[in-house]
Amino acid sequence: MSVVARLFGALLLCALFAAPAHAQQPWGAAFKGQCCYLTLESGEVAGGQYFEFENTGDQTWVQGNLKLGTAGAHDRASAFWHPTWSERIRPAALPVQAVAKGQRARFDFVVQAPTGVGTITTFREHFQLVAELIAWVPGSEVYLDYTVLPSLPPSVGLKTVPPTVNRGGTLEVTADATDNRAVHRVEFSLAGKTFTVYTPERDGRTYKLSVPASEVPAGTHTLIARAVDRVGNFATSAATVSVTLADRDGDGVLEDADCNDFNPAARPGAVDRPDNGVDENCDGTDALPRVDATIANAWEWSSRTTRNTSLKVRGAPAGARLELRCAGRGCPFSVRRFTSKGGTLDLRRQYFRRARFRVGATLEIRILVPGHVAKVARFTMRRGKRPLTGYLCLPPGATKPTRTCA
Ligand SMILES: [Ca+2]
Ligand SMILES: [Ca+2]
Ligand SMILES: [Ca+2]
Ligand SMILES: [Ca+2]
């Protein structure tokens, strides 16, 4: 609909429905405030634009009818149109249902500077309130000035880059970035990771990256600083950084081989203390608790035979399984198994009172508790000497005792 038609409609409505009995002003507004004059880069989007008015007319402004329109030439298609506008000629609509005489309304909108501006250009954008199909509201003529700069990429240069960083420390890098309008962000990328810095230091142009170096894998990396302006123009600068492995706990084992680089007691080769919740030897599990029983023994020997004079197991918990294995001449049996009732077990009195072990015979006592490393004592009979005695370990599920209990 043309301007003429709109105005004709407005006049007609005034004549038909709003004919005053005395001198009245149906449509009127008083300017109460507005946003800033902006400098923008060509193509830049800026929010926070607004005008505020008071309704000084007798007609209540109603949502859907009362809008902020482009003026200068009424219904001018604005070069600062943004997709949030309902039309190229309507930046904003009344944001509340109704504004009666004496009340205020604020019209917020977003603008986008025109693209393709080759030299610094100032635009004066005129606006006015309009009651659609009725009237342009007198007293609401306003404008904003925009200075639009050409779209030019920023400049960026890496300033301080440490040649080597340990992963136990902090990666600190600075870049100097400037733009004809404003730098939006600087993206620091290395080893497939990107760290974005939006806020410069106090000087407004130094962008500082400070992240734990452990965020970056060890190796020699190309570091790229990419400065981006508000319309997406960018520039880059590159440097090389070497990141080395850390030994944070100082146990001499670098983090790639240390299962816990924050605990010097844990490292490959350390002794794993059983059942303390710590995998000291880095084999992936805490060592199992061991059966804590004692096997007191005494012997008499000659050049041909060995006789047991005392063999007592103390501290085997009730329910522990005992296995006695005997091999060689003089053994009263090859295997005996029974379950401990706790307390002291006198094995000699029960099994070996009469035994005369020959040289080379072996007697093995296994004390097994579920979830524990079994205790194993092995006695090997010798000629004219007390038996060779060895204490061994047997992890759960294993069948052969081992000398080391790790
Ligand atoms: Ca720029
Ligand atoms: Ca270490
Ligand atoms: Ca360690
Ligand atoms: Ca442990």
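User: Which strand is Thr-122 found in, and how should I read that number?
Analyst: Strands are DSSP runs of E, at least two residues in length, numbered from the N terminus. Thr-122 is found in strand 9, which covers residues 121–131. Residue numbers start from 1 along each chain as its sequence is written, while chains are lettered from A and ligands numbered from 1 in the order in which they are written. This is a predicted model, where local features need pLDDT of at least 70 and side-chain atom pairs count only at pLDDT 80 or more, while totals for chains, interfaces and linings use all residues.

User: What is the mean pLDDT here, then?
Analyst: pLDDT is the predictor's confidence in each residue, from 0 to 100. The protein has a mean of 93, and 94% of its residues reach 70 or more. Residues 1–22 sit below 50, and beyond near neighbours in sequence that stretch has 13 contacts in the model; two residues are in contact if their C-beta atoms, placed from the backbone, lie within 7 Å. Where pLDDT is low, the predicted coordinates should not be read in detail.

User: Back to Thr-122: buried or exposed?
Analyst: You count other C-beta atoms (placed from the backbone) within 10 Å of the residue's own: 20 or more is buried, 12 or fewer is exposed, and in between is partly exposed. Thr-122 counts as exposed because it has 10 C-beta neighbours inside 10 Å.

User: And which residues is Thr-122 in contact with?
Analyst: Leaving aside neighbours within four places in sequence, they are Asp-145 and Thr-147. For a sense of scale, the C-alpha atoms of Thr-122 and Val-173, 51 residues apart along the chain, are separated by 39 Å.

User: How do strand 9 and strand 11 pair?
Analyst: Strands of a sheet pair through backbone hydrogen bonds, either parallel or antiparallel. The cut-off used here is at least two bridges found by DSSP. Strands 9 and 11 pair in the antiparallel sense over seven bridges, and Thr-122 stands opposite Thr-147 in strand 11. Strand 2 (residues 38–41) also pairs with strand 11 (residues 142–149), in the parallel sense over four bridges. There, Thr-39 stands opposite Thr-147.

User: In what order do the three strands of the open sheet come?
Analyst: The order is 1-3-8, with antiparallel pairing. Strand 1 (29–34) and strand 8 (104–112) are the edges: each has a single partner strand, so one side of each is left without a neighbour in the sheet. Strand 3 (residues 45–55) and strand 8 share eight antiparallel bridges, and Phe-51 has Phe-107 in strand 8 as its bridge partner.

User: What about the order of the five strands in the mixed open sheet?
Analyst: That one reads 13-19-18-15-16. Its edges are strand 13 (164–166) and strand 16 (193–197), each with a single partner strand, so one side of each has no neighbour in the sheet. Strand 15 (residues 183–190) pairs with strand 16 in the antiparallel sense over five bridges, with Glu-187 opposite Thr-196.

User: Which domains is the protein divided into?
Analyst: Bounds come from an automatic or database domain assignment, giving domain 1 (3–149), domain 2 (155–244) and domain 3 (294–394). The C-alpha centres of domains 1 and 2 lie 44 Å apart. Six residues of domain 1 are in contact with five of domain 2, and strand 2 gives the largest share of the domain 1 side, three residues.

User: Last one: where is phi positive?
Analyst: Most residues other than glycine have a negative phi, and most peptide bonds are trans. Asp-75 has a positive phi near 60°; it lies in the loop between strand 5 (66–70) and strand 6 (92–93) and is partly exposed, with 18 other C-beta atoms within 10 Å. Cys-282 also has a positive phi near 60°, in the loop between strand 19 (234–244) and strand 20 (294–301). Cys-282 is partly exposed, with 17 other C-beta atoms within 10 Å. Among glycines, look at Gly-384, with a positive phi near 65° in the hairpin of strands 27 and 28, which has two residues between the strands.
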